[in-house]
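User: Please walk me through this structure in short questions and answers.

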Amino acid sequence: MNEIKCPECGTMFQVDESGFADIVKQVRDGEFAKEIQRQVDLLQADKERAVELAVAKTQGDLQGSIAGKEAAIAELQAKLEAKEREIASNERAAKAEHDSALNSAVVNKDAKIAQLEAALKQLETEKQTESRLAQVQHEKTLASTLAQREAAIVQLQQELAARDSAFETEKQLAVTQVRATVEKERDQLAAKIERAELEKSQVESGLKAEMAERLKAKDDLLAYKDQEIERYKDMKARLSTKMLGESLEHHCETEFNKIRATAFPKAYFEKDNDASEGSKGDFIFRECDQDGNEALSIMFEMKNEQDDSTHRHKNEDFLKKLHSDRTKKQCEYAVLVSLLEPESELYNEGIVDVSYRYDKMYVIRPQFFIPLISILRNAAQSSMKYRSELAMMRQQNIDVTNFEREMEDFKQKFGRNYELASRKFHKAIEEIDKTIDLLMRTKEDLLGSENNLRLANDKAEALSIKKLTRNNPTMKAKFEELGGGAEGTAASDEV
């Protein structure tokens, strides 16, 4: 059963799988109909824009042609008005000239009236004659001017009529050409629209067929997924917690062994069976370079649980133990491969770095097991060059330090040996001096004992019984008794 929340009232209600599938199908069919209608609207809008562009182009060409013709008519009208203004100006000039002549004659007449009273009749006759001549000349000038004006007007009217006729002819020709072009473009557009409609119908048919196939394939896939979900649920229901964890471990080990021979031929990847320090991880990955230096080491922990488990674990519950195992086994990185918290957006995004909690630690889903090893391995290989250079520099520093230490040790030992030899040499000299002094003292003692022996010998030689018995009557009497008179005589002779 699936729980669905109503978007209007917020009420939660349950729907079985068939009802849920019907709802999904309705939403999917509605979306498909909306997509088809959107494609139709787009094609209709493209068609209307194409027609509008063609009409606008035709109207623009017609307006340009009409504007050119109107400009030509305006130019002819301006020329006609200028000609009329010129004729009116000529008429005003002729009239002004005539009026000026009459005024001049009147002024001369008034000035000379007193002097010409006698010739008044003659002057009046001449005046009448001149007036008639001037009037005739003026009438001739006016007639000629009017004739010229009428001829010019007739000519301009003829030119205007000819131009109007030519303009009408050109206009009719242009309209005919434009109409023919517009009709041709209209026919082309109509043909394009028909082709577009045909293509649209074909596309709609293809889309409908494709969508039907997709829907069928999606329905089959959904059915297959439902079967797989049911099988997975059934499998998980039959598995114990230990078997769930072992299945994830077996999956990761199998994925690694698939590419071990090609990608990690010299790598170590085995289960951690050493629990001598109280706990152990699941797998340990180690890889060394060609010189035998360890390039990368990872402690892996795999965690999984049943979907219907009442006590839900979190990934953070296992980070401390993983860090402890990594530290005990001296691994550089720690990785938790987890299927816990399946609804978490954080852990479902990909590789999650939790180094803010524990140094060099990551939490991943099983599908990122091999990619993470590859990423860490590439990073380790990139840093091995610098590590080797650093190790070489350290080794050189160690060699220099060892050389200096050995030099100092040699100097100290040599100095100590020199000091001991010097001390013994001086002690031997002192002993020799002491021996010499002893021998000198012995010599002196021997010389002294020789003197004492000589003196003793002298004293022994000077010893006699007489001297011994002097002042000792007892001993003298004894010697006399033992030796008799002869000895006494001898003794006396010796004394």
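User: Which residues of helix 6 are buried?

Analyst: This is a predicted model, where local features need pLDDT of at least 70, side-chain atom pairs count only at pLDDT 80 or more, and totals for chains, interfaces and linings use all residues. Residues are numbered from 1 along each chain as its sequence is written, and side-chain values use heavy atoms, leaving out hydrogens and water. Buried means under 20% relative accessible area, exposed over 50%, partly exposed in between (1.4 Å probe, protein chains only). In helix 6, the buried residues are Phe369, Ile370, Leu372, Ile373, Leu376, Arg377, Ala380 and Met384.

User: Where is the kink in helix 6 centred?

Analyst: Helices are DSSP runs of H or I, at least four residues, and strands are runs of E, at least two, numbered from the N terminus. The bend at a residue is the angle between axes fitted to the seven residues ending there and the seven starting there. Helix 6 spans residues 369-461 and kinks by about 35 degrees.

User: What is the order of the strands in the open sheet?

Analyst: Two strands pair if DSSP finds at least two bridges between them. The sheet has six strands with mixed pairing, in the order 3-4-5-6-8-7.

User: Which residue in strand 6 is the bridge partner of glutamate 301?

Analyst: Strand 5 (residues 294-303) and strand 6 (residues 333-338) run parallel, joined by six bridges. Glutamate 301 has as its partner in strand 6 leucine 336.

User: Is cysteine 331 buried or exposed?

Analyst: Its relative accessibility is 7%. Cysteine 331 therefore counts as buried.
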